Amino acid sequence: MDSIAIHGLRKSFRKDLPPAVDLREDVSISKGELFGIIGPDGAGKTTLFRMLATLISPDAGSAVLEGLDIVRDYRKIRTLIGYMPGRFSLYPDLTVRENLEFFASVFGKDVGSNYALIGNIYCRLKPFEDRKAGNLSGGMKQKLALCCSLIHSPAVLFLDEPTTGVDPSSRRELWENLAQLKASGMTIVVSTAYMDEADRCDRVAMMKAGRFLTVDSPAAIVRSFDRPLLAVRSDDMFRLLHDLRAMEEVEKCYTFGDTHHVTLKPGADADAAAIASRLEPNHSGLEAGPVQATLEDCYMNLEEK
Amino acid sequence: MKEFFAFVRKEFLHIFRDRRTLLVLIGLPAVLIVLFGFAISTEIRNVNIGYMSPDDDVHIDRLMDKICRSDYFTYSGRYLSEREADDAMRRGEADVVLMFGDDFMSRLYSSEGAEVSVVADAVNPNNASMEVMYLTGIITDYFREDIMMAASLQAMQDQSPVSAAIAPAGSLTPNLRMLYNPQLKSSYNFVPGIMGLILMLICSLMTSVSIVREKETGSMEVLLVSPVKPINIIVAKMLPYFVISCAVLINILLLTVFVLKVPVAGSFFWMILVSVIYIILSLGIGMLVSSLVRTQIIATLICGMIFLVPVMMFSGMLYPIESMPVALQWFAQTIPAKWFIEAMRKIMIEGVPVQYVAKEILVMTGMAVVIFAAAVVKFNDKLD
């Protein structure tokens with residue numbers, strides 16, 4: 001059974017601006033799926049989350065969550081979902097424990113009854129129980145926020161950029177936690193701007209300017225990438241970027257870690273060796289070769305479609 | 001119900017964690033009451049009074065002595081000419097000068113009577129008119145008591161024509177009585193006013209700011225995505241401020257009765273009831289403001305400026321509503337504080353039974369119902 005079924009959704013905030021979210025296709029997310037939404041800032045991720053979490057009503061389209069309509073049955077939906085907004089939105093003047101207890105009782109639960117669900121995450125916060133939430137580190141804040149949105153054992157969990165501003169080890173922990181929650185049968189929708197995280201999702205939707213550009217599993221998205229991709233590096237990376245972009249066979253060139261990734265125009269008659277030989281006179285330490293595409297490459301190249 | 005109490009507990013925690021704000025909430029009313037009660041008052045005190053008289057006169061001396069013996073006036077000097085008196089006023093040495101004409105003494109006993117001019121520095125018109133009023137009172141009093149006594153005594157003794165000139169003046173004696181506030185203490189007027197001001201400020205400002213803060217920090221988003229009914233969120237927000245307002249009310253009343261010594265003439269019960277209605281009304285205003293605005297600054301400005309100024313100006317606390325232009329008089333009827341202050345004055349100072357304040361109570365209750373209805377309608381359990 002589908003946990004979430006979206007039948008096109010549109011929301012615009014001002015008449016003179018293009019809509020913030022403008023999904024035209026049907027998307028369904030099945031129960032127990034870890035669904036990622038990746039996209040740059042301003043792609044409409046937060047607006048989409050707020051619509052699904054019944055915080056704002058769509059202008060057009062509809063969506064069904066656990067069999068309930070997001071507009072008509074929003075009160076019922078609110079008992080089923082957990083929502084963690086992008087920015088820290090707990091009470092900084094209450095302690096860790098007080099925050100957790102408050103959110104538990106808001107849902108008519110007590111901390112004990114669902115402790116098993118958050119136990120793994122909360123054990124890291126336990127030593128700081130009496131500390132004010134406002135004095136926690138960024139990663140700890142996110143953990144607490146996650147605990148608070150999980151404490152009522154929701155059927156669907158929405159996490160809006162949970163790893164933004166969190167250190168790498170906390171990010172890894174968070175994704176491990178999500179994997180455990182998914183194993184318990186929870187449907188999780190998570191947005192992120194980090195491509196490496198998207199690999200951990202069952203399926204990802206790439207979002208840009210309010211639209212889903214593609215929805216598929218990370219592996220399938222990578223498989224569908226059919227263009228030659230080169231990795232080029234030299235001692236003067238900045239100049240190299242300029243030179244590469246100046247070449248007419250090059251469709252797109254962007255920095256990827258410590259190399260530049262280059263895609264070539266369809267039908268361009270060039271390979272790594274040809275490119276390298278043309279750059280050779282101006283660059284020292286030049287290396288060029290074909291590479292396997294990653295999700296980020298797919299994303300970078302999808303954008304312009 | 002459990003959710004609701006969790007909310008209330010959370011709100012109290014917020015308030016008690018923020019000790020400074022709590023201190024201001026509890027301390028400020030006390031400071032204001034004491035300040036208005038003692039320091040700031042419309043009563044005049046220590047007015048510098050001088051007199052101008054070309055010749056020595058025992059009556060003038062005695063009159064000045066009587067004037068200066070009161071708390072209100074302090075003797076500043078005698079001037080020999082009008083010019084000298086004028087200079088003294090310009091220098092700020094004298095606030096008010098009594099000018100006695102030539103031959104005051106002999107004219108007093110003549111048939112055309114004597115004249116004394118009261119010249120007051122009217123830069124502050126309120127003070128000037130008060131000074132003139134007091135002085136006229138003292139002078140009339142003096143001449144009635146002292147001179148008439150002397151005159152009638154004299155008349156009895158020697159049947160001199162002097163008595164004939166003065167005696168007729170005594171045939172009409174105005175008998176002044178200041179009801180409810182015989183000492184004309186300004187605290188009688190200010191206490192209800194300050195209560196109206198403070199309760200409005202605490203209730204509307206604090207509730208609206210505390211609701212809007214949740215919107216600003218984003219925690220409202222999380223609260224809305226929960227099964228809690230929005231009305232419970234709002235009521236839970238108001239409850240702690242209701243409790244604080246009641247504490248402030250009791251605080252003010254204690255100060256009023258025991259420190260300012262303003263007696264409560266009417267029923268305590270009805271006074272508290274009227275205040276509670278007013279508190280609820282103010283909480284409703286705060287709630288309405290919070291559902292209309294998005295930022296704490298705007299909420300503060302609206303409650304602080306838009307509500308504070310009309311409360312000061314149009315509630316009858318500083319200026320009588322009856323002397324305003326008709327349009328403003330109508331406007332004043334819409335100010336909740338006006339009805340509260342009126343009711344409080346009636347109960348507290350005049351001590352009238354409750355049926356005489358029924359109108360005020362009904363108007364405030366009606367306002368509260370309308371404002372609550374509007375706030376509930378305007379409250380959105382979504383973000384847009």
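How are H3(A) and H5(A) oriented to each other? I began my entries with this pair.

**Entry 1: basis of the model**

I worked on a predicted model, in which local features need pLDDT of at least 70, side-chain atom pairs count only at pLDDT 80 or more, and totals for chains, interfaces and linings use all residues. I number residues from 1 along each chain as its sequence is written, with chains lettered from A and ligands numbered from 1 in the order in which they are written.

**Entry 2: helices H3 and H5 of chain A**

I looked up helix H3 (residues 96-106) and helix H5 (residues 138-150) of chain A; they pack at an angle of about 25°, and their axes are 8 Å apart. H3(A) and H5(A) are therefore roughly parallel to each other. In this scheme angles under 35 degrees count as roughly parallel, over 145 as roughly antiparallel, 65 to 115 as roughly perpendicular and the rest as oblique. Axes are lines fitted to C-alpha atoms, for helices over the stretch in contact, and angles run from 0 to 180 degrees between N-to-C directions. Helices (H or I, at least four residues) and strands (E, at least two) are DSSP runs, numbered from the N terminus.

I noted that the crossing of H3(A) past H5(A) is right-handed, that is, the near helix is turned clockwise from the far one by less than a right angle. On the H3(A) side, the contact is made by Val96(A), Asn99(A), Leu100(A) and Phe103(A), and on the H5(A) side by Leu144(A), Cys147(A) and Cys148(A). Two residues are in contact if their C-beta atoms, placed from the backbone, lie within 7 Å. I sorted this contact of H3(A) with H5(A) by class and found six nonpolar residues, one polar residue and no charged residues. Ala, Val, Leu, Ile, Met, Phe, Trp, Tyr, Cys and Pro count as nonpolar, Asp, Glu, Lys and Arg as charged, and the others, Gly among them, as polar.

**Entry 3: where chain A touches chain B**

I next took up the contact between the chains, to which chain A gives 23 residues and chain B 21 residues. On the chain A side, helix H2 (74-80), strand E6 (81-84) and H3 each supply at least two residues. H3(A) gives the most to this side, with four residues. I recorded twelve nonpolar, six polar and five charged residues on the side of chain A that touches chain B.

**Entry 4: chain A as a whole**

I listed eleven helices and 14 strands in chain A. Its C-alpha trace spans about 70 × 45 × 35 Å along the principal axes. Of its 305 residues, 41% count as buried; a residue is buried if 20 or more other C-beta atoms lie within 10 Å of its own, exposed if 12 or fewer, and partly exposed in between.

The domain assignment, which is automatic or from a database, gives chain A a domain 1 (2-222) and a domain 2 (225-302). Their C-alpha centres lie 36 Å apart. Ten residues from domain 1 of chain A and eight residues from domain 2 of chain A make the contact. On the domain 1 side, helix H7 (195-198), strand E10 (211-216) and helix H8 (218-223) each supply at least two residues, and H8(A) gives the most, with three residues.

I found helix H1 (residues 45-52) of chain A mostly covered, with seven of its eight residues buried. Among them are Lys45(A) and Arg50(A). Just after H1(A), Thr54(A) takes a positive phi of about 65°.

I then examined Leu181(A), in helix H6 (residues 168-183) of chain A. Leu181(A) counts as buried because 23 C-beta neighbours lie inside 10 Å. Not counting residues up to four places away in sequence, Leu181(A) touches Leu157(A), Met186(A) and Ile188(A).

**Entry 5: chain B**

I noted that chain B is divided into domain 1 (2-40 + 186-383) and domain 2 (47-166), with centres, taken over C-alpha atoms, separated by 49 Å. Gly101(B) is found in the loop between strand E3 (96-100) and helix H5 (104-108) of chain B. Is Gly101(B) buried or partly exposed? Gly101(B) is partly exposed, because 13 other C-beta atoms lie within 10 Å. Leaving aside neighbours within four places in sequence, I found Gly101(B) in contact with Arg107(B), Ala114(B) and Glu115(B).
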